[in-house]
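Here is a briefing on the sheet, the core and the aromatic contacts of this structure. Look it over first, then read the points by topic.

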2 protein chains.
Amino acid sequence: MRDFTYYVPTEILFGRGAEADTAKEIRKFGGSRVLVVTGGGSVERSGLLARIEQGLKEAGLAYEVFRGAKPNPRLSHAREGVRRALEMRADLILAVGGGSAIDTAKGIAHGAANPDTDIWDFWCGNAPLTRSMPVGVVLTISAAGSETSNSAVLTNEENGQKRGLGHDLNRPAFAIMDPELTMTLPAYQVACGVVDIMMHTLDRYFNPVWDNDLTDGIAEALLRTVIQNGRRAAADKTDYHAMSELMWCGSVSHNGLTGLGGKQDFAPHQLGHELSSRFDVAHGASLSTVWGAWAETCLQAGPARFARLGREVWGLREEDDLAAARAAIRATVDYFRELGMPTCFSELGVGVQDEATLCEMADCVTYHGARTIGSFRVMGREEILAAYRLANR
Amino acid sequence: MRDFTYYVPTEILFGRGAEADTAKEIRKFGGSRVLVVTGGGSVERSGLLARIEQGLKEAGLAYEVFRGAKPNPRLSHAREGVRRALEMRADLILAVGGGSAIDTAKGIAHGAANPDTDIWDFWCGNAPLTRSMPVGVVLTISAAGSETSNSAVLTNEENGQKRGLGHDLNRPAFAIMDPELTMTLPAYQVACGVVDIMMHTLDRYFNPVWDNDLTDGIAEALLRTVIQNGRRAAADKTDYHAMSELMWCGSVSHNGLTGLGGKQDFAPHQLGHELSSRFDVAHGASLSTVWGAWAETCLQAGPARFARLGREVWGLREEDDLAAARAAIRATVDYFRELGMPTCFSELGVGVQDEATLCEMADCVTYHGARTIGSFRVMGREEILAAYRLANR
């Protein structure tokens, strides 16, 4: 087991009806004036937001609702939230929704606790983040894992950059997880979530360190659980067992546990972020689109690792590592396709791109030569371009 | 996934030399006056205590060392620690050692934060525990998992009772885990630790709920990791890989993760506690002594569960559940024996007991008829007696 630090202080309430305890949790973590961050739309149609509001009222908590969090959450919207939080003197930010609402809430919490700093400076590393405000979560989609993760991703519409911030102050104070709340999602969103959950573990599993036994064993158990229950959820999203396993997998996959001691890769995430910010496609769909191409580009960096994925997760019996590795990549891509997820640009619906656009995308991913991505295979402009070319069909 | 709540706010610093950050962690969690709780002995011989003291001095922290924590930690000693903590106006309790030092530190923290309550009242449920004091840990043995667990066990010498208290206020604020610190342990203690780690997961795995997919998958991955690295550690306790995997397994096995959504059993622990408090034997040894007898007594409550253990953890190919179940029990008991651990009373070194003593032990386990134990199979006096008879050879 290689060295690591690990800190996940988020209290989790998991199960049917858990959202009834929202006000109690807010009080427990010192909240009395709450900014409720949500996308609006589905949480209003389902009646969830009204139930949460009723609970806050009954508990005598002051609150305001801040709507409009969207997939690939926008910096400008988070900045607006900071203003609202400061105006109402909020002391706790409550996200009701999925990754977009949660990441927006994290941005607002950092901004409201540091009113003299523009929050984008935290995301760019121009200002150190040393304090924040408690964030609570009522989760409505199993995907991003932001409800317990140390990360938050924002997109700056001014320059098109989508950036993640990793910091323990991004860990929410509490997360309320009721699997029944995810049963009203469109099937496509459920499938996007399954891919996102798998990728949070795959992007840690593929890294240069292969001897963290417990970490790898947990990662493989999680992948098997997601694959099996992703199939069940695709067939019937009211299958409580499947939806609940996916929900818990979503948190564990991104809270750090499946990568402890490793040197996470996350190159597919970076390749996908460029697609999301350029074409505004769903995060999970961007990941399934690039993963196969990433895998083929990086296969030679470690066939044995792909082979292990094949044997431990996909149950392959191939003895030859390279053959098992190739079969593992096929099995993973086939599974994405089985879920109805795109595995190349045309399936993603963005069309086949010309070479100039691919070059531009590769340049953007490297911040125009300022960085490489990945650790399993370190990718510069050429490797990134090679991956985009493979996905461009 | 069945309902659960989960809260593990302990910050973990894992790796070689991690103890160098002890004073920094103490400051981070608000400590300025520290009672250092330790067994003495080995941590003095190894120079660890001197290094920790030096670090506290350099950081300008006031501290006192409170020695004498022993295996199966004593209530009277913890009470004495409360007096010492109050005298020095301690604001953080630092355990340097294993489960005994940590559980003693937890008792002291609860007592020092509630000076008007006798701490045994918390363990008996006569007084609710609503506040405590931060506890930090520098871990020196992989076994009890108390460094991140919500439990603490004390033995009341006045009446011979050994009782556990489960409460989230038992979670330490931080845990410093340097696997190299465990390399000076006697081989027998390493083996006791391996059994203890396995049992924290086995006592959760065997419960009436068999459909928590991720929980069970993590439990099985952990058991495979412990078994494999327990063998390596027995062969060479300076094997960093093995000792580090065991150390991380020790925490994960008892922090709750391997039982989420389940209804933990812990009957073998209760059977073992009676042996520990009666004969003052090592905790791990008491568990390996009773587990096989417990398993045979409870086999018919769920052969399929034992069969799954056999297939997923021991790699058995038996298709018939009952045959696989019996083979799984044999494999587990054989593994304990391979580690040099006792699997019956005579191997434990307490001799074969007469029937009257066995009856007395069964009565003590049930608090003289006031409780049953276990959940996989609920055990009353008769079932407990049956298990003790099987182990009594």
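In this predicted model, strands S2 (33-38) and S4 (92-97) of chain A run parallel and pair over five bridges. Within that pairing, Val34(A) sits opposite Leu92(A) of S4(A).

**Sheet**

- Both strands belong to an open, mixed sheet of twelve strands, ordered S3(A)-S2(A)-S4(A)-S5(A)-S8(A)-S1(A)-S1(B)-S8(B)-S5(B)-S4(B)-S2(B)-S3(B).
- The edges are S3 (62-66) of chain A and S3 (62-66) of chain B; each has a single partner strand, so one side of each lacks a neighbour in the sheet.
- From one strand to the next, the twist averages 20°.

**Helices on the sheet**

- Helix H9 (240-254) of chain A packs on the sheet and touches S1 (4-14), S5 (135-139) and S8 (174-177) of chain A, plus S1 (4-14) of chain B.
- The direction of H9(A) makes about 150° with that of S1(A).
- Helix H3 (48-58) of chain B also packs on the sheet, against S2 (33-38), S3, S4 (92-97) and S5 (135-139) of chain B.
- The direction of H3(B) makes about 160° with that of S3(B).

**Core**

- The largest nonpolar core has 204 residues; Trp248(A), Trp291(A) and Trp248(B) touch the most other members.

**Helix H16 of chain A**

- In H16 (381-391), Ile384(A), Leu385(A), Ala387(A), Tyr388(A) and Ala391(A) are buried.
- Viewed down the axis of H16(A), these buried residues fall within an arc of 160°, so they line one face of the helix.
- An α-helix has 3.6 residues a turn, so residues three or four places apart point the same way.
- The cover over the buried residues of H16(A) includes helices H10 (267-279), H11 (283-298), H14 (345-348) and H15 (355-365) of chain A.

**Aromatic pairs**

- There are 38 aromatic pairs over all chains.
- Phe306(A) and Phe376(A) pair edge-to-face, 5.6 Å centre to centre with 80° between the planes.
- Phe306(A) is in helix H12 (303-312) and Phe376(A) in the loop between H15 and H16 of chain A, so the pair ties together parts 70 residues apart in sequence.
- Both Phe306(A) and Phe376(A) are buried.
- Phe206(B) and Trp291(B) have ring centres 6.4 Å apart and planes at 55°, so this pair is tilted.
- Phe206(B) lies in the loop between H7 (187-205) and H8 (213-235) of chain B, and Trp291(B) in H11 (283-298) of chain B, 85 residues apart.
- Phe206(B) is buried, at 0% relative accessible area.

Definitions and conventions. Residues numbered from 1 in each chain as written. Chains lettered and ligands numbered in written order. Predicted model: local features only at pLDDT ≥ 70, side-chain atom pairs only at ≥ 80, totals over all residues. Heavy atoms only, no water. Buried < 20%, exposed > 50% of the residue type's maximum accessible area, 1.4 Å probe, protein only. Helix = DSSP H or I, 4+ residues; strand = E, 2+ residues; numbered from the N terminus. Arc of directions from axis to C-beta. Contact = heavy atoms within 4.5 Å. Pairing = 2+ DSSP bridges. Axes fitted to C-alpha atoms, helices over the stretch in contact; angles between N-to-C directions. Core = buried A, V, L, I, M, F, W, Y, C linked by side-chain atoms within 4.5 Å. Phe/Tyr/Trp six-rings, centres within 6.5 Å; stacked < 30°, edge-to-face > 60°.
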